[in-house]
Amino acid sequence: MGMNTASLFPMFLKLEGRNCLVLGAGSVGEQKIRSLLDCGAQIRVVAPSASSAVREWANDGLLAWLQRPYESADLDGVFLVVAATSSVDVNHAIYRDAQARGILCNVVDDPPHCDFYYPAVVRRGKLQIAISTAGLSPALAQRIRKQLEGEFPPAYASWLEELGSRRELLFRAGGDSEVRQKRLHQLATREAFKEFIRSNESESGKEVL
């Protein structure tokens, strides 16, 4: 299936505890490894050499680094694989091996050899907004990310935590579900956010921002 024939399926995936393999540990591999670490994945890195950050993570026991080239047996028991070696041929071999085993694979900066893409992401605590152009224009995705970062200031992180607590309280209180839904939507308005900012400013100066 070509990259233009079908829509991408957007989803947020729980990788905690899942076996993820990264081939290549230079500056590009390092970025991909960092994002997998943030998600609590079990990471194995196979690469003859590694950046200082990757070496440090290996020394700290945050990941397993095997200091050698890729072998197809490296894919045993793997859920997801990222190919970031400096060799196009090796990356394509990894992709073919992963395809044969039904393992999701991303060959960095090579859209036709990707089962999934890394989106441009706006992060505000638990709020994540992911932008994809299906690999057609990462530059546009980055521009939209910057635009959204302006629209969703950092305070959204603490506001979302508060919304989560309020939601939990409303569910615990029981009562009519339609009334509850209406209340939850009222709590999540732009006006409610502005009110949250105002009350926090008066309580603690500008700390929350």
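Tutor: Before we start, here's a term we'll need: a pocket is an open set of grid points where a 1.4 Å probe fits, with protein on both sides within 12 Å along at least five of seven lines. Also keep in mind that this is a predicted model.

Student: Which element gives the largest share of its lining?

Tutor: The lining of the largest pocket counts 45 residues, and Phe116, Tyr117, Tyr118, Pro119 and Val121 lie nearest its centre. The elements giving two or more residues are α1 (27-38), β5 (104-107), β6 (120-124), β7 (127-131) and α4 (138-151). The largest share is seven residues, and it comes from α1.

Student: Let's move to the rings. What kind of pair do Phe152 and Tyr156 make?

Tutor: A search of the whole structure turns up five aromatic pairs. In the one made by Phe152 and Tyr156, the ring centres are 5.1 Å apart and the planes meet at 70°. Planes over 60 degrees apart count as edge-to-face, so this pair is edge-to-face.

Student: Are Phe152 and Tyr156 buried or exposed?

Tutor: Buried means under 20% relative accessible area. Phe152 has 18% relative accessibility, and Tyr156 has a relative accessible area of 9%. Therefore both Phe152 and Tyr156 count as buried.

Student: Which residues form an aromatic cluster with Phe152 and Tyr156?

Tutor: Phe152 and Tyr156 belong to one aromatic cluster.

Student: Which charged residue sits over the ring of Phe171?

Tutor: There's one such arrangement at Phe79, where Arg18 lies over the face, 4.1 Å from the ring centre. At Phe171, the distance from the ring centre is 4.0 Å, and the charged end there belongs to Arg180.

Student: Last one: how many disulfides does the structure hold?

Tutor: A disulfide needs two cysteine sulfur atoms within 2.5 Å. Cys20, buried at 2% relative accessibility, has its nearest cysteine sulfur, that of Cys39, 8.5 Å away. The sulfur of Cys105 is 7.2 Å from the closest cysteine sulfur, in Cys114, which is too far for a bond. For the whole structure, the count of disulfides is zero.

Notes: Residues are numbered from 1 along each chain as its sequence is written. This is a predicted model: local features need pLDDT of at least 70, side-chain atom pairs count only at pLDDT 80 or more; totals for chains, interfaces and linings use all residues. Side-chain values use heavy atoms; hydrogens and water are left out. Rings of Phe, Tyr and Trp (its six-membered ring) pair if their centres lie within 6.5 Å; planes under 30 degrees apart count as stacked, over 60 as edge-to-face and the rest as tilted. Buried means under 20% relative accessible area, exposed over 50%, partly exposed in between (1.4 Å probe, protein chains only). A charge sits over a ring if NZ of Lys or CZ of Arg is within 6 Å of the ring centre and within 35 degrees of the ring normal. On a 1 Å grid over the protein atoms alone, a cavity is a set of points where a 1.4 Å probe fits but cannot get out, and a pocket is an open set with protein on both sides within 12 Å along at least five of seven lines; lining residues have an atom within 4 Å of a point. Helices (H or I, at least four residues) and strands (E, at least two) are DSSP runs, numbered from the N terminus.
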